[in-house]
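My entries follow in the order I made them.

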Amino acid sequence: MLRIHFTAADLGSLRLAAGADPLWESLLSQHALTSGHAPAALGAWRRRAIARLTPEMRALLSLAPPTGYSPDFLTPTRGLHDIDDALDAGLGEVLATPVDHLRADLRRVLPRHCPRERAERLADGDRTAVAALASAMRAYFEAVLATHWELISGQVAGARARAARFLVDGGVDRLLATLHPTIRWDAPTLHVAYPADRDIHLAGRGLVLLPSYFCRSTPVTLRAADRPPVLVYPIDHDPDWDAERAPPPDAELVALLGSTRAAVLRAAQLHPHGCTTTELARRVRISLSSASEHATTLRRAGLLRTRPYGRHMLHVVTPLGRALLTGRPR
């Protein structure tokens, strides 16, 4: 059990990350690649990803065993929304990792996972070795996750919108009580199902909550007590997730964005924390059944993400939907 102890200041500093984090998703996706217990839904993605791995990327996997410790410096959490900014900022932090952090993290990596010579070069702060690692991390993301990022970030956005709605409607207590079935809030302590028995005292530092697509079983956190506290937790997944699905062709988009569906999409955009079907119907001035039908079509086209919210369904515009509304490239 992991116990995270809050003070009043920590509750006031609690925040949701702005979106899916590319370095956390990269690390946790590597666990899925090397684990013998990856979910069946990831089977096709896993086969394609393994075929794309270069020797440099395979060396990267040695730092991310499917069980046990992975170095904390691989996952600096920035909580940035723009993917390019998030990836650049994260890798910039990896390159700038202090030598004492490198040494502390790499001491915990088992020799059977990472070759001793490579671990020693990284632990000594060898700039060439660290730069090569950052380059491999970028190459891995671009080869394995970049083409699927729209789907990954869209599902994370839906989970974030649901959490934000609980925060707005019920405050911090309701947010923490509804994060995930493996998490229990007994103020002022958050109890998390975890492989080891551990206590984290936030002591005024606050906590970042990061929903993650590739976090598939129990939540994850950093081990080092001197890093910014973060709790990465699993989200609900679409049962028909298909990582190779392509955006709809132009003709389908033209057919999709008729006047009423465009109005529904615009109405959803006005609610950054998610919009219920009733709210869509009221704002667009259409029947509830019509709003539900149009929301379903938009969801199937990848323009809306829908998640349960109590007795209602909560709709949030995906990055693809925002790109269509703003005219900006994704």
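I traced an open sheet of four strands with the order β3-β4-β1-β5 and mixed pairing. The model is a predicted one. I found β3 (183-186) and β5 (198-201) at the edges; each has a single partner strand, so one side of each is left without a neighbour in the sheet. I noted that neighbouring strands here are turned by 20 degrees against each other on average, direction ignored.

I then looked at how β3 is attached. Four bridges join β3 to β4 (residues 189-192), and the two strands run antiparallel. I picked W185 and found its bridge partner in β4 to be L190.

**Entry 2, another sheet.** I followed an open sheet of four strands in the order β2-β6-β8-β7, again with mixed pairing. Which strands stand at its edges? I found β2 (15-16) and β7 (220-221) there, each with a single partner strand, so one side of each lacks a neighbour in the sheet. Between β2 and β6 (residues 208-212) I found two bridges, with the strands running parallel. R15 stands opposite V208 in β6.

I next checked which helices cover this sheet. Helix α2 (residues 22-34) packs on the sheet and touches β6, β7 and β8 (230-234). I noted that the direction of α2 makes about 50 degrees with that of β6. Helix α9 (residues 149-177) lies across β2, β6 and β8, and runs at about 145 degrees to β6.

I looked up the largest nonpolar core and found 50 residues in it. Which of them touch the most other members? They are W24, W45, L133, M137 and F214. I noted that helix α8 (residues 127-145) gives the most to this core, with nine residues.

I then listed the contacts of M137. Leaving aside neighbours within four places in sequence, M137 is in contact with L23, L60, L74, L91 and V94. I found another core apart from the largest one; it has 20 residues, including L16, L175, I183 and L209.

I checked burial in helix α14 (residues 319-326) and found L320, G321 and A323 buried. Seen down the axis of α14, the buried residues fall within an arc of 160 degrees, so they line one face of the helix. I then asked what this face meets: the buried residues of α14 pack against α9, α11 (259-269) and β11 (312-317).

I located H101 in helix α6 (residues 99-106). Is H101 buried or exposed? Its relative accessibility is 17%, and buried means under 20%, so H101 counts as buried. Leaving aside neighbours within four places in sequence, I found H101 in contact with D226 and R227.

I counted 14 helices and 11 strands in the protein. Of its 330 residues, buried ones make up 48%. For contacts between residues at least 6 apart in sequence, I noted that 70% join residues at least 24 apart. The accessible surface comes to about 15600 Å², and 53% of it belongs to carbon and sulfur atoms.

Technical notes:
Residues numbered from 1 in each chain as written. Predicted model: local features only at pLDDT ≥ 70, side-chain atom pairs only at ≥ 80, totals over all residues. Heavy atoms only, no water. Pairing = 2+ DSSP bridges. Contact = heavy atoms within 4.5 Å. Axes fitted to C-alpha atoms, helices over the stretch in contact; angles between N-to-C directions. Core = buried A, V, L, I, M, F, W, Y, C linked by side-chain atoms within 4.5 Å. Buried < 20%, exposed > 50% of the residue type's maximum accessible area, 1.4 Å probe, protein only. Arc of directions from axis to C-beta. Areas by Shrake-Rupley, 256 points an atom, 1.4 Å probe, with all protein chains shown as cover.
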